[in-house]
Amino acid sequence: MHGRGEDICSDHLLYERARIKNGNSKEQEHPHVPCQDIHSSTAPSRKILEGKQIMKAITGRLERLFSKNEDSSRSDDYLEHSTLSDSDDCTEETPSCCSFEEAMETMKSMSNDREMPKNLQGGILLDQTYEVSSKDLNWYLFASNSQFGREHTDLQGTTDLQEGPWMWKSEDTSCLTRVVTYTQAATKLVKAVRATEQQTYTKADGREFSVHVNVSTPDVPYGNIFKIEILYNIMTGPQLSSGEESSRLVVSWGINFLQNTMMRGMIEGGARQGLKENFDQFSSLLAQKFKTLNSTNALEKDNMLATLKTEHQSDWELATEYFWNFTVVLAAFVTLCIFAHILLCRPQEPQGLEFSGIDLPDSFGELLTCGILVVLLEHVYNMVSHFVQARFQRGSDHGIRAQGDGWVLTVALIEGTNLALLDPTGFPDPYVVLTCNGKTRTSSVKLQTLDPQWNEILEFDAAEEPPSVLDVEVFDFDGPFDQAASLGHVEINFLKHTLTELADIWVPLEGKLAQSSQSKLHLRIFLDNNNGVETIKDYLTKMEKEVGKKLNLRSPHRNSTFQKTFGLPPEEFLISDFSCSLKRKMPLQGRLFLSARIVGFYANLFGHKTRFFFLWEDIDDIQVLPPSLTSVGSPQLLIVLRKGRGLDAQQGAKSQDEEGRLQFYFISFVLFNVASRTIMALWRTRTLTLDQKAQIAEERQEEDGKYASLEDTGSCVVIENAKMSKVYSVELPLKMKSLMEMFDGGNLEYKVMGKSGCLSYVTTAWETAKPDVFERRLCYKFNRQFSTFGGEVTCTQQKIPISDGKGWIVNEVMVLHDIPFSDHFRVHLKYQFEGFVLAQNSCKCDVYVGIMWLKSTKFQQRIAQNITEFFTRRLKDILGSVEREVLLGDGSG
């Protein structure tokens, strides 16, 4: 076995397995060879091979010494030939392959006495703690069947990745090694080059792992005079409070120059920059698989939270601190004095207006003393009442654990300083209300202080999407039924702070009083995804139902580019993007990006970059506008922000409305309907409250059942579920038979519907669904002159005779496609035709319109009004066309 030396006996089994694998027939005949025989038989051959290798090395060095001025390619060819010849000479010592698990077990027994190597001198590229065991992290990064390497190369744009098997190699001590080759993507300065990594395990004891990597890139400029070294050290991390393990990954680098060169500084700088970008992507990709612990790390977080849990004062301590003041002490002293006076005084005979049982004050001094005592006791009573109410208000959410899987927000409320003084006669009793994603958490009340110490932990239940902002407001407690006065407020935007900054942050409060007092709050905020990438997948699956199209998880490279473009934190993930133009004085072609928390626009026009984004919560209204000359015949998407919001994106706004709201116009979408539907769905998801979402879900479930019955039976049995209103009534000078030809699928129907803007009009024959109930299907498209969006229409009509046989009722359920909110409703029409008894050549027609809502929307009233007005005009035109065509036909006949 290659390179096992003195340890060959201890690994006899692996050796035998390797020999059998190489197909040596003699060894197969005698598989059990003693360790001594193996050692003695291989010793001469090893010495010969070592001698050959030494001679080869000396020859190579001499050749390089005497051929410095020759062409470098010739030297490279010689070295390559020398390397090949070395391997040919060592065929008898081919390193033995083994499974990764077996190799780790073998390394475990050999690494106990080895120390972890020190970090390389080039510097630290990555120092991060992950919520995963060191053993699992090592397997994920370096196992032969792990997909991480290929995902990382895809993220970098690297191609031709080839990972060799892990093999035993003998040098001074036994170690595990493999060779990885790939082609690095071309850059602006360097073409695509081939790189070779030799990865070697130097320690693997089951808890700590160290992998040394030599990277060779001979095709880059000066690539033959240096090699890059990278060291991966995986160590056990702190024990988490949940009992789970964590691991710390430290990646350092160095550069080994084989020759002196004047370009040393430039080479080091270029290598440092390239490695930094590489491991930024490496870290981002790894963070998508394993939850990262902040640089303050999980142990520090858990210890900090545990410390806060033990720092709370008891009620007795709070009462002592609250009531130990001059007023209470004076009231107690006066009360004791009066009681002492009563006990020491002798009974006196009634004087003045006194009578037996009633002793009135005998002097103004006594009267004044009684008044002071009453005032003091009243004040003490109010303090006691206030204290009791405040302790009930301690119904604080401190200590309540978050529920569910997803994005969990934990806020440690530490302290406040310099709070505003509302009442000059006393200090405020502050408490804090936190609001995030429509949920609120409340702290306890701190009595009579401008510098409260809370030390409380407030957790929000897990959410499907990461939160964008945290609203913080400080109130002065006046009682359970009194209007609390605000001492200041602040909005914390998670997209403008890194997780490290949020882990320990002082936020200044806004508001006139708070700013004049320079009030601040000390918070520690932790945002964790306790379900990893599954949370994102579940969120996209849910959004697919809202959007009506498949949403795929974007590649790590795409996400990384998106995050860098807008300077977003690593937890932000891209959902969709569309090519469009931003309408300002001149249209600016770019791309609109949609993520879970933002809408962003990016354009690069001849090197002039335009980029901005705003939050979904900043949006006040979204409107779809019809095409116009200024929009070059394209529908327009208007996004209106709330007043005072999105000021960072002001450069992209075309105008402001009368209320001071920013307006953004987007045009020239390739797929306008898809884009508008996606944007509407994401906006509704982010802005609706939890109660509204629950209500919509219930309504949708009920309506889905109703609509399912419609699709299954193909009938209009749900017509009563839509509230019908009469929109038109007319007397037509037509016979009932002539009028009903409009519903017979003949020339009259096709001619009238064609004039009414229906394209590709198709009908089926009437079929008997029930006794005296007939049904048929219609399909057509709206002409864009009649409907801006065009769109396909499918209808189911039901024809029923009136009981007296002198008329018909035609019910119609209409499904509109490819228009905004078309999946939210169905249009119901009802035609009621009745003939007159006295006038045989005339009949009466009443038309009703109703809307059945499948989903709720804030635009429901506007949509209903628009549909009613549109179909009222349309039905008038249709019935008028029928009257003209029938009368003209009779006249010509």
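Analyst: The largest cavity holds about 190 Å³ of space, where a cavity is a set of points on a 1 Å grid over the protein atoms alone at which a 1.4 Å probe fits but cannot get out, and the volume is the space filled by probe spheres set on those points, joined across faces, edges and corners. Of the 20 residues that line the largest cavity, those closest to its centre are Met-742, Met-753, Glu-812, Tyr-831 and Ile-878, a lining residue being one with an atom within 4 Å of a point. By the same rule, the count comes to 4 cavities of 30 Å³ or more. The model is predicted, so that local features need pLDDT of at least 70 and side-chain atom pairs count only at pLDDT 80 or more, whereas totals for chains, interfaces and linings use all residues. Residues are numbered from 1 along each chain as its sequence is written, and side-chain values use heavy atoms, with hydrogens and water left out.

At least two residues of the lining come from each of α20 (747-755), β29 (773-782), β31 (807-816), β32 (825-835) and α21 (860-892), these being DSSP runs numbered from the N terminus, with helices (H or I) of at least four residues and strands (E) of at least two. Helix α21 gives the largest share, 5 residues. By class, the lining has 15 nonpolar, 1 polar and 4 charged residues, with Ala, Val, Leu, Ile, Met, Phe, Trp, Tyr, Cys and Pro counted as nonpolar, Asp, Glu, Lys and Arg as charged, and the others, Gly among them, as polar.

Lys-751 counts as partly exposed at 46% relative accessibility, whereas Glu-885 counts as buried at 15%, where buried means under 20% relative accessible area, exposed over 50% and partly exposed in between, with a 1.4 Å probe and protein chains only.

A further salt bridge joins Arg-777 and Glu-775, whose closest N and O atoms are 3.9 Å apart. Here Arg-777 is partly exposed at 35%, and Glu-775 is buried at 8%. The structure holds 22 salt bridges.

Key
On a 1 Å grid over the protein atoms alone, a cavity is a set of points where a 1.4 Å probe fits but cannot get out, and a pocket is an open set with protein on both sides within 12 Å along at least five of seven lines; lining residues have an atom within 4 Å of a point. A salt bridge is a side-chain nitrogen of Lys or Arg within 4 Å of a carboxyl oxygen of Asp or Glu.
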